Amino acid sequence: MGHPMSDYIPHLVTGYMIWIFLNALVTEGKDAFVSNASAIREIAVPGTVYVYKLLWKNLIILGFNAIVYFAVLALYQVWPFPSIVLVLPALAMILLNGIWVALLLGLINVRYRDLGQLIPNAMRLAFFVTPILWFPDSASGIRAVFVYFNPFYYFIELLRAPLLGQPPGLLIWAVAFGITVVGWGITLPVYAHWRRRIAFWV
Amino acid sequence: MALIKLENITLEFPVHASKSDRKRPSSADKPIGGQLSSGQAGQMVVRALDKLSLTLGPGDRLALLGHNGAGKTTLLRVMARLYPPTHGRVTIQGRVAPLLNLSFGLDMDSTGYDNIFIRGLFLGMSKAELKKKADVIAEFSELGDFLDLPMRTYSSGMRARLAFAISTHVETDILLLDEVVATGDARFLQKANEKLESFARESKLLVLASHSNKVLRDLCNKAVLLEHGRIKAFGDLEEVIETYAASAGVSAKDG
């Protein structure tokens, strides 16, 4: 691998912490409406309220999980300044994506419940093909596809790099921004058209 | 200003992934449910409300009567703006507080006192508003020291008391109740009725669905009889109860 232990452990711990966060946004996002069925049948509030609720909950959980990250920083004497300030825009972009993911998957799952069962399995597979347990530069040849055509890679790297004191590359930011635009571009018309049916489907 | 205006409302539920193999044609004069038909894609469609028009103003206390599946709860949900109608227009002015599901917005592991805030926030009250009202709500529920215990230790009647106390203290113009006042003991029922009567006296709007004629007589001044999603009778409470009893073949005196 060509990476010393003092590089690998912070890489693994930080990457895994971010993965737990992203994984929760997707797997809980698909249940955004299903798990709030009783509220949807009782009070008239916009569907985004349920999404904000799950984002906030997972941000708090991320905060608790970050304790291990701080321990690793101290143990391996990683100095993340000044790049760590980029964590804020990175988190903002991840949350922005969390909203559309939950609206879109939540809407699909509320109508086609079977599809929701696939998502946790897909996420388990995504965990292994995303550079969390391994470094992105260790994937050579055809296997580089799993790095460069994997949306999770860009969102993990967006947050992991500044947490470890490196600024994420311009490509990372550009692709993450592109995914945000495309994701919202798909979600907005779909959600605007079908959101009134949610109360009938839950 | 409280106003509910329903103009020619039709509401159809698509029922997905349900293709019955039953060949028997359902009889037209079945006693329960809405109207079933086949939609464009071959799936079943339940017409829960059918060309229904209704106008309610301040001071109206409407009773909803009808057999099981006649469309009472669906109508309440249309009034709560939860179900957009398939056809027709809904005009609602004023704040709406639905009390359709008694267990909604209650966290079983939190104390009764915390739940005043949780459910109150869900129903649209602000934290400052709730702080002022929490004691009044607590007193109205008569739960006393039980308010410091987790909700899961409550009996269903106690839960109903608390839920009812919170909902009726929401600053609202329109209160929608579904079959809920019947829970609770006789004393609380009387107290609940007084609360609802004072609510109605402040010329606010109340819509109540119930199978208990006694509750309806105590609280309502108008009634609608629903049958398969259509209005069969509308007007004076006693007349509508009579019509309903006659069509159901039971006495209107009790129950």
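**Two chains, residue by residue**

Visitor: Where is Arg81(B) placed?
Guide: Arg81(B) sits in the loop between helix 1 (72-79) and strand 5 (87-93) of chain B; helices (H or I, at least four residues) and strands (E, at least two) are DSSP runs, numbered from the N terminus. Residues are numbered from 1 along each chain as its sequence is written, while chains are lettered from A and ligands numbered from 1 in the order in which they are written. This is a predicted model, in which local features need pLDDT of at least 70 and side-chain atom pairs count only at pLDDT 80 or more, whereas totals for chains, interfaces and linings use all residues.

Visitor: And what is phi of Arg81(B) near?
Guide: Its phi is near 60 degrees, a positive value in a residue other than glycine. Most residues other than glycine have a negative phi.

Visitor: Why does Arg81(B) count as partly exposed?
Guide: Arg81(B) counts as partly exposed because it has 14 C-beta neighbours inside 10 Å. A residue is buried if 20 or more other C-beta atoms lie within 10 Å of its own, exposed if 12 or fewer, and partly exposed in between, with C-beta atoms placed from the backbone.

Visitor: What about Lys51(B), what is its phi near?
Guide: Lys51(B), again a residue other than glycine, has a positive phi near 45 degrees, and its place is in strand 3 (residues 44-56) of chain B. Lys51(B) is partly exposed, having 14 other C-beta atoms within 10 Å.

Visitor: Is Arg161(B) buried or exposed?
Guide: Arg161(B), found in helix 4 (residues 156-168) of chain B, counts as buried, with 25 C-beta neighbours inside 10 Å. From C-alpha to C-alpha, Arg161(B) and Leu189(B) are 9.3 Å apart in space, although 28 residues apart in sequence.

Visitor: Zooming out, how many helices and strands does chain B come to?
Guide: Chain B comes to seven helices and 10 strands, and buried residues make up 39% of its 255 residues. Its mean pLDDT, the predictor's confidence in each residue on a scale from 0 to 100, is 83, and 87% of the residues reach 70 or more. For the complex, the predictor gives an ipTM of 0.80 and a pTM of 0.87.

Visitor: Over to chain A. Why is helix 7 largely enclosed?
Guide: Helix 7 of chain A is largely enclosed by the rest of the structure because 12 of its 13 residues are buried, among them Phe152(A), Glu157(A) and Arg160(A). Those buried residues pack against helix 1 (5-29), helix 3 (48-75), helix 4 (87-111), helix 5 (113-129), helix 6 (145-148) and helix 8 (170-194) of chain A, a contact being two residues whose C-beta atoms, placed from the backbone, lie within 7 Å.

Visitor: Where does helix 7 bend?
Guide: Helix 7 of chain A bends by about 30 degrees at Glu157(A), the bend being the angle between axes fitted to the seven residues ending there and the seven starting there. Helix 7 of chain A is followed by Gly165(A), whose phi is positive, near 90 degrees.

Visitor: Which residues does a cis peptide bond join in chain A?
Guide: Phe81(A) and Pro82(A) are joined by a cis peptide bond, with omega about 0 degrees. Pro82(A) lies in the loop between helix 3 and helix 4 of chain A.
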